Amino acid sequence: MRTLSRRRTTTVLILSWILAGLQSLTGASPPDLLRFENEIRTFERLDRESPPEEGQVLFVGSSSIRLWKTLTQDFSFVETINRGFGGSTIAEVTYYADRIVFPYKPCLILLYAGDNDVAGGKTAKQVLADYQQFVSKIRSKLPGIRMGYIAIKPSPSRRHLLDEMMKANQLIRDFSKQEPGLDYLDIATPMLQPDGTPRPELFVDDRLHLNPDGYALWTQVLTPYLKKYGH
């Protein structure tokens with residue numbers, strides 16, 4: 001296992017050097033492929049110590065999934081795995097899919113990512129393109145699996161990005177309608193006030209992450225979907 005771990009680290013370092021070279025040519029800032037490596041290794045250690053059963057519902061994505069501490073209880077009618085990590089982007093979830101998606105052979109995948117993508121400067125079209133790459137990679141090994149995209153949430157701290165986030169949501173909604181087995185899960189609309197601004201009572205003090213009321217809303221929206229497809 002140590003040899004395999006060293007190989008993975010070497011591979012990531014090589015990719016990082018390549019991206020750094022591209023940066024010098026294009027001026028673009030490459031992603032830091034190592035920034036969540038420790039979290040991914042923790043997942044792998046936990047999986048070795050207590051291998052999860054195959055065929056569960058997999059929740060994957062950024063901190064809104066990572067911080068969902070009541071997820072198992074909220075969806076007690078199905079078996080779930082939580083693999084939210086860091087403040088990850090769609091591209092980072094795609095990159096780590098070989099290690100935190102495919103090994104579980106899930107029956108259903110729910111992805112929450114895109115929030116940090118827009119906050120990092122990506123446009124709605126770039127978020128869609130990254131999601132399409134995620135779908136393509138997952139279907140390369142799990143061709144028949146159903147996937148639900150949890151809409152980018154409107155938060156008070158990122159209100160200035162709301163228009164671009166809603167554009168990304170609409171693009172992914174439209175794409176999902178065209179692709180069998182893809183679903184758009186709209187948690188965004190019920191998180192808005194009548195004037196179109198985020199509901200502040202759904203968030204903790206940082207005005208970005210959800211409080212128990214926020215997760216209760218997500219649970220209410222997602223429960224019918226999991227009851228229909230989470231088996």
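Which residues have the most contacts inside the largest nonpolar core? I began with this question, keeping in mind that the model is predicted, that local features need pLDDT of at least 70 and side-chain atom pairs pLDDT 80 or more, while totals for chains, interfaces and linings use all residues. Residues are numbered from 1 along each chain as its sequence is written, and side-chain values use heavy atoms, with hydrogens and water left out.

**Core.** I looked up the largest nonpolar core and found 63 residues, with Phe 59, Leu 110, Tyr 131, Phe 134, Ile 138, Ile 150 and Leu 222 having the most contacts inside it. Its largest share, seven residues, comes from helix H8 (residues 124-141). I noted that such a core is a set of buried Ala, Val, Leu, Ile, Met, Phe, Trp, Tyr and Cys residues joined through side-chain atoms within 4.5 Å, where buried means under 20% relative accessible area with a 1.4 Å probe, protein chains only. Helices (H or I, at least four residues) and strands (E, at least two) are DSSP runs, numbered from the N terminus.

**Sheet.** I then traced an open sheet of five strands, in the order E2-E1-E3-E4-E5 and with parallel pairing; two strands pair if DSSP finds at least two bridges between them. The edge strands are E2 and E5 (182-185), each of which pairs on one side only. Between E1 and strand E3 (residues 108-112) I found five bridges, and the partner of Leu 58 in E3 is Ile 109.

**A buried asparagine.** I looked up Asn 169, which lies in helix H9 (residues 162-178), and its relative accessibility is 2%, so Asn 169 counts as buried. Leaving out residues up to four places away in sequence, Asn 169 touches Tyr 149, Ala 151, Ile 152, Tyr 184 and Ala 188, a contact being heavy atoms within 4.5 Å.

**Aromatic rings.** A search of the whole structure gave me 15 aromatic pairs, where rings of Phe, Tyr and Trp (its six-membered ring) pair if their centres lie within 6.5 Å, and planes under 30 degrees apart count as stacked, over 60 as edge-to-face and the rest as tilted. The rings of Phe 59 and Phe 75 have centres 5.6 Å apart and planes at 20 degrees, so I recorded this pair as stacked. Phe 59 sits in strand E1 (residues 57-61) and Phe 75 in the loop between helix H4 (71-74) and strand E2 (80-84), 16 residues apart. Both Phe 59 and Phe 75 are buried.

Methods. Buried < 20%, exposed > 50% of the residue type's maximum accessible area, 1.4 Å probe, protein only.
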